[in-house]
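Me: I have a structure open and a few quick questions about it. Can you keep the answers plain?

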Amino acid sequence: MIRELDRNVPIVETNTADQVIAAANAKTRFATMLMIASSTLALLLGLIGVYGASWYAVRQRRQEIGVRIALGAAPRDILRMILGTTARLVVISTVLGLAGAFALTRALKSVLFETSPTDATTFATVIAGLAMAVLAASYWPARDASLTNPIDVLRAD
């Protein structure tokens with residue numbers, strides 16, 4: 001079209017609008033992908049830590065759990081007891097995390113696109129996702145504790 005309008009105008013570079021926009025956003029896209037990879041790794045390491053801490057706590061309370069089961073506690077009661085402890089820690093961590101997140105929203109405002117720093121939907125989704133992930137990570141040690149054979153535990157001591 002440029003040649004049809006004026007043959008004397010030099011054509012230096014021809015790109016579509018999508019290519020120009022993609023080139024302009026390349027650094028931001030890379031930083032976003034790097035942040036996603038870092039946060040995914042942090043979540044995975046955190047869940048491994050929660051699993052390990054839950055497993056250790058269950059192992060430390062193994063004798064108590066064995067006595068509870070010997071005295072008639074149902075496996076669901078043991079499961080509820082251990083997951084209840086984890087749930088209380090999740091609530092405390094959520095309150096502290098929300099306080100920190102609201103304090104840091106001003107610093108993150110320049111990185112956010114088409115969302116406010118205090119978007120309630122984003123906060124609720126992240127809280128629900130993290131809470132479910134933490135409870136899932138602590139479910140397996142709690143399940144193992146609920147299946148404890150009290151005779152084996154009492155015989156070991």
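Me: Where do D77 and R80 lie?
Reply: Both lie in helix α5, three residues apart, which is about one turn of the helix. Helices here are DSSP runs of H or I with at least four residues, numbered from the N terminus. This is a predicted model, where local features need pLDDT of at least 70, side-chain atom pairs count only at pLDDT 80 or more, and totals for chains, interfaces and linings use all residues. Residues are numbered from 1 along each chain as its sequence is written, and side-chain values use heavy atoms, leaving out hydrogens and water.

Me: What do the side chains of D77 and R80 meet in?
Reply: A salt bridge, at 3.5 Å from N to O. The term stands for a side-chain nitrogen of Lys or Arg within 4 Å of a carboxyl oxygen of Asp or Glu. D77 also forms a salt bridge with R76, with the closest N and O atoms 3.3 Å apart.

Me: Is R80 buried or exposed?
Reply: R80 counts as exposed, because its relative accessibility is 54%. Buried means under 20% relative accessible area, exposed over 50%, and partly exposed in between (1.4 Å probe, protein chains only). D77, at 29%, counts as partly exposed.

Me: How many salt bridges does a search of the whole structure find?
Reply: Four. One of them links E64 and R68, with the closest N and O atoms 2.9 Å apart. These two residues are both in helix α4, four residues apart.

Me: New topic. Where is Q63?
Reply: Q63 is in helix α4, residues 62–70. Its C-alpha atom is separated by 9.1 Å from that of A156, 93 residues apart along the chain.
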